[in-house]
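Thanks for coming, everyone. Before I say anything, please take a moment with the sequence and the model on the screen.

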Amino acid sequence: MKLLHLSLKEEYFRAIESGEKTEEFRLFNRYWRKRLTDLEDGAPKDFDGIVLTLGYPKSDDLSKRIERPWRGFEIKRITHPLFGKLPVRVFAIKVN
């Protein structure tokens, strides 16, 4: 099974857990393009699911782990304090 693993800070983990946050953002850079797309043609990779963790928990600590089906992503331009004051291009990974 091909899973995408994302580690999150507590505020974002809890917001996803409660359903308040429906997308997780990753910068549109070479590292994330390589993980999420085929670099040659830009086609999105297909995953079986996504695993979101609160930090890097022990493997048996299920309270810090959320598993969701893979629903893909969109490429967006956003302004977010985590990325600075200027708008940046991001992968908006669907986590709802």
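Predicted model: local features only at pLDDT ≥ 70, side-chain atom pairs only at ≥ 80, totals over all residues.

Trp 70, if we leave aside its neighbours within four places in sequence, is in contact, meaning heavy atoms within 4.5 Å, with Leu 4, Leu 36, Lys 45, Asp 46, Phe 47, Asp 48, Gly 49, Ile 50 and Ile 93. Residues are numbered from 1 along each chain as its sequence is written, and side-chain values use heavy atoms, with hydrogens and water left out.

Trp 70 is also among the residues with the most contacts inside the largest nonpolar core, which has 17 residues; by such a core I mean buried Ala, Val, Leu, Ile, Met, Phe, Trp, Tyr and Cys residues joined through side-chain atoms within 4.5 Å, where buried is under 20% relative accessible area, exposed over 50% and partly exposed in between, with a 1.4 Å probe and protein chains only. Another core, of 5 residues, lies apart from it and includes Phe 25 and Ala 92.

Phe 25 has Ala 92, in β6, as its bridge partner, and β2 and β6 pair in the antiparallel sense over 5 bridges; strands are DSSP runs of E, at least two residues, numbered from the N terminus, and two of them pair if DSSP finds at least two bridges between them.

Glu 23 has its place in strand β2 and, at 16% relative accessibility, counts as buried. Among its contacts is Lys 76, and a polar contact of 2.8 Å joins the two side chains, the term covering N or O atoms within 3.5 Å, one able to donate a hydrogen and the other to accept it within protein, with residues adjacent in sequence counted only if both atoms are side-chain atoms.

How values were computed: Helix = DSSP H or I, 4+ residues; strand = E, 2+ residues; numbered from the N terminus.
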